[in-house]
Amino acid sequence: MEMWITQLFNGLSVSSILLLIALGLSITFGLMGVINMAHGEFIMIGSYAAYLTQNAFKELPKSMFDTYFLVALPASFLVAFAVGYLLENLLIRHLYGRPLDSLLATWGVGLVLQQIARSIFGAPNVAVNSPSWLNGGLHVMDGIDLPYKRLFILALVSVCLAAMYVYINRSHSGRRMRAVMQNREMAACLGISTRRVDGMTFAIGSGIAGVAGCALTLIGPIGPNIGTYYIVDAFMVVVLGGVGKLVGTVLGALGIGVFNTMFEWWSTASLGKVFVFLCIVAFLQWKPKGLFAVRTRQLD
């Protein structure tokens, strides 16, 4: 019983990390149709922003150090947001409707960002110390302790997911974003500034990736290649859930995380990845548009 509960929690933990990473990608790829291969590098930017925030707080009194992570979260979002907005204005804006060109261009941007990180921080991984209030775990029963770090990531993902839902479905900016992504010409005829919406949408997706990078510092050391470990899984989450559907992203992350953990428990880590990939391929043969498909007159 204890083993099943532990594996289920591990699956939810992996799912929460995948969901946080895929949330930003579901905007840039799912809603905008941009194949952003530099998404992993925005995760890297967020993690290094947390690292710099930690170093800055080390210069302050020790009593204030435990609060650094509360500052690192918005700092990671803002830094990745700014870089994403700049990238969209300089490059991405010229590549809409050209998926292969956007794939190649953002892949090159990712390599450039990785090299910049190596030049500034060095190639070896660096450690980010967790605040003391995240050390330890919640004792549930004999043999079961749930780490506070994983519980915090679950709570963070829930907050980000709720914020994204409210923004997309309840705010004026979110409605304009959905209108532009579903029918750009009609939205422009109604007076919506499509250029401004494009820049803000891509920047928000990049900012969420930065938050994911900040959260990943709680799990282990960070380095220039941290984003490349998760980018393939993030794309699988978005494609499995259905391009452009937030609820599909949630269910896709939950399914991949739980099944991956279970398959690894029954076999090995490598075989577990293979089994998950085969299951996704088989499912997409049955439902090519994923769990939830966007239905608009333009697509029909």
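Reader: Over the ring of which residue does the charged end of Lys-287 sit?

Author: This is a predicted model. In it, the charged end of Lys-287 lies 5.9 Å from the centre of a ring. A charge counts as over a ring only within 6 Å of that centre. The ring belongs to Trp-286.

Reader: How many aromatic pairs does the structure hold?

Author: A pair of rings is described by the distance of the centres and the angle of the planes. The count of aromatic pairs is 13.

Reader: What kind of pair do Phe-42 and Phe-202 form?

Author: Their centres are 6.3 Å apart. Phe-42 lies in helix α2 and Phe-202 in helix α8, so the pair ties together parts 160 residues apart in sequence. Both residues are buried.

Reader: Are the rings of Phe-65 and Tyr-68 stacked, edge-to-face or tilted?

Author: The ring centres of Phe-65 and Tyr-68 are 5.0 Å apart. Stacked needs under 30 degrees, and edge-to-face over 60. The planes of Phe-65 and Tyr-68 are at 35°, so the pair is tilted.

Reader: Is Tyr-68 buried or exposed?

Author: Buried means under 20% relative accessible area. Tyr-68 has 0%. Tyr-68 is therefore buried.

Reader: Which element gives the largest share of the lining of the second largest pocket?

Author: This pocket has a volume of about 400 Å³. Its lining has 19 residues, with Val-14 and Asp-233 among the closest to its centre. Elements giving two or more residues include α9, α10 and α11. The largest share, six residues, comes from α1.

Key: Residues are numbered from 1 along each chain as its sequence is written. This is a predicted model: local features need pLDDT of at least 70, side-chain atom pairs count only at pLDDT 80 or more; totals for chains, interfaces and linings use all residues. Side-chain values use heavy atoms; hydrogens and water are left out. Rings of Phe, Tyr and Trp (its six-membered ring) pair if their centres lie within 6.5 Å; planes under 30 degrees apart count as stacked, over 60 as edge-to-face and the rest as tilted. Helices (H or I, at least four residues) and strands (E, at least two) are DSSP runs, numbered from the N terminus. Buried means under 20% relative accessible area, exposed over 50%, partly exposed in between (1.4 Å probe, protein chains only). A charge sits over a ring if NZ of Lys or CZ of Arg is within 6 Å of the ring centre and within 35 degrees of the ring normal. On a 1 Å grid over the protein atoms alone, a cavity is a set of points where a 1.4 Å probe fits but cannot get out, and a pocket is an open set with protein on both sides within 12 Å along at least five of seven lines; lining residues have an atom within 4 Å of a point. Grid points are joined across faces, edges and corners, and a volume is the space filled by probe spheres set on the points.
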